[in-house]
Amino acid sequence: IMDTYNQKHSLFNAMNKFIAAVNNMDQTVMVPSLLRDVPLEDENKSNVNGVSSTGASNCYSDKWDMYKYFVLLKFIKDDIEWGAVQLDHRKKDKAASIDISG
């Protein structure tokens with residue numbers, strides 16, 4: 001029983017650390033759109049078996065810039081904080097507000 005409690009507590013701590021890191025990133029980056037077309041890493045960094053030192057495969061690192069990863073991390077944080085069900089409700093509310101004002 002104690003292992004299950006520690007595992008849940010560990011997952012909760014990891015999620016809180018991730019959320020804090022993304023919030024810090026969000027506060028640090030003043031103009032996220034400036035991250036567009038900025039490569040994720042130097043071309044000189046080593047790749048082993050098609051995977052870069054950051055863990056991203058070559059097919060993603062060639063097509064993705066820092067802005068896309070920035071947005072992806074923010075979406076993941078929102079999913080962790082609010083859950084997928086509430087995300088669906090927010091999308092419906094947003095669509096309804098657009099229909100009313102439009």
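**Exercise 1. Which side chain meets K77 in a salt bridge at 3.4 Å, N to O?**

Solution. The model is predicted.
Step 1. Start at K77, which is found in helix 3 (residues 66-101).
Step 2. Look for the salt bridge at 3.4 Å, N to O: the partner of K77 is E81.
Step 3. K77 and E81 both lie in helix 3, 4 residues apart, which is about one turn of the helix.
Step 4. Join the pairs. Through shared partners, the salt bridges link K77, D78 and E81 into one network.

**Exercise 2. Decide for K77, D78 and E81: buried or partly exposed?**

Solution. Two cut-offs are needed: buried is under 20% relative accessible area, and partly exposed lies between that and 50%.
Step 1. K77 has 12% relative accessibility, so K77 counts as buried.
Step 2. D78 has 24%, so D78 counts as partly exposed.
Step 3. E81 has 36%, so E81 is partly exposed too.
Step 4. Check what surrounds K77. Leaving out residues up to four places away in sequence, K77 touches F18, I19, V22 and N23.

**Exercise 3. Find the salt bridge that links distant parts of the chain.**

Solution. Step 1. Count the salt bridges: there are 3.
Step 1. Take the bridge between K74 and D26, where the closest N and O atoms are 3.4 Å apart.
Step 2. Locate the ends. K74 is in helix 3 and D26 is in helix 1, 48 residues apart.
Step 3. K74 is partly exposed because its relative accessibility is 29%. D26 has 32%, so D26 is also partly exposed.

**Exercise 4. Which residues does V22 touch, beyond those up to four places away in sequence?**

Solution. Step 1. V22 lies in helix 1.
Step 1. Its contacts are L73, K74 and K77.
Step 2. Take L73. The C-alpha atoms of V22 and L73 are 6.8 Å apart, although 51 residues separate them along the chain.
Step 3. V22 has a relative accessible area of 4%, so V22 is buried.
Step 4. Buried residues are 12% of its 102 residues. Of the contacts between residues at least 6 apart in sequence, 59% join residues at least 24 apart.

**Exercise 5. Describe the loop between helix 1 (2-28) and strand 1 (47-48).**

Solution. Step 1. The protein has 3 helices and 2 strands, in the order α-β-β-α-α.
Step 1. Take M30, found in this loop. M30 has a relative accessible area of 71%, so M30 is exposed.
Step 2. Find its patch. M30, V31 and L34 make a nonpolar surface patch of about 360 Å².
Step 3. Turn to D37, also placed in the loop between helix 1 and strand 1. At 71% relative accessibility, D37 is exposed.
Step 4. Check the backbone. Most residues other than glycine have a negative phi. Phi of D37 is near 65°, a positive value.

**Exercise 6. How many aromatic pairs does a search of the whole structure find?**

Solution. Step 1. The search finds 1.
Step 1. The partners are W64 and Y69, 5.1 Å centre to centre with 50° between the planes, a tilted pair.
Step 2. W64 has 26% relative accessibility, so W64 is partly exposed.
Step 3. Look at another ring. R36 lies over the face of Y67, 3.9 Å from the ring centre.

Technical notes:
Residues are numbered from 1 along each chain as its sequence is written. This is a predicted model: local features need pLDDT of at least 70, side-chain atom pairs count only at pLDDT 80 or more; totals for chains, interfaces and linings use all residues. Side-chain values use heavy atoms; hydrogens and water are left out. Rings of Phe, Tyr and Trp (its six-membered ring) pair if their centres lie within 6.5 Å; planes under 30 degrees apart count as stacked, over 60 as edge-to-face and the rest as tilted. Buried means under 20% relative accessible area, exposed over 50%, partly exposed in between (1.4 Å probe, protein chains only). A charge sits over a ring if NZ of Lys or CZ of Arg is within 6 Å of the ring centre and within 35 degrees of the ring normal. Patches are made of residues with over 30% relative accessible area and no salt bridge: like charges are joined within 9 Å, nonpolar side chains (Val, Leu, Ile, Met, Phe, Trp, Tyr) within 5 Å. Accessible areas come from the Shrake-Rupley method with a 1.4 Å probe; for residues, only the protein chains shown count as cover. A salt bridge is a side-chain nitrogen of Lys or Arg within 4 Å of a carboxyl oxygen of Asp or Glu. Contact means heavy atoms within 4.5 Å.
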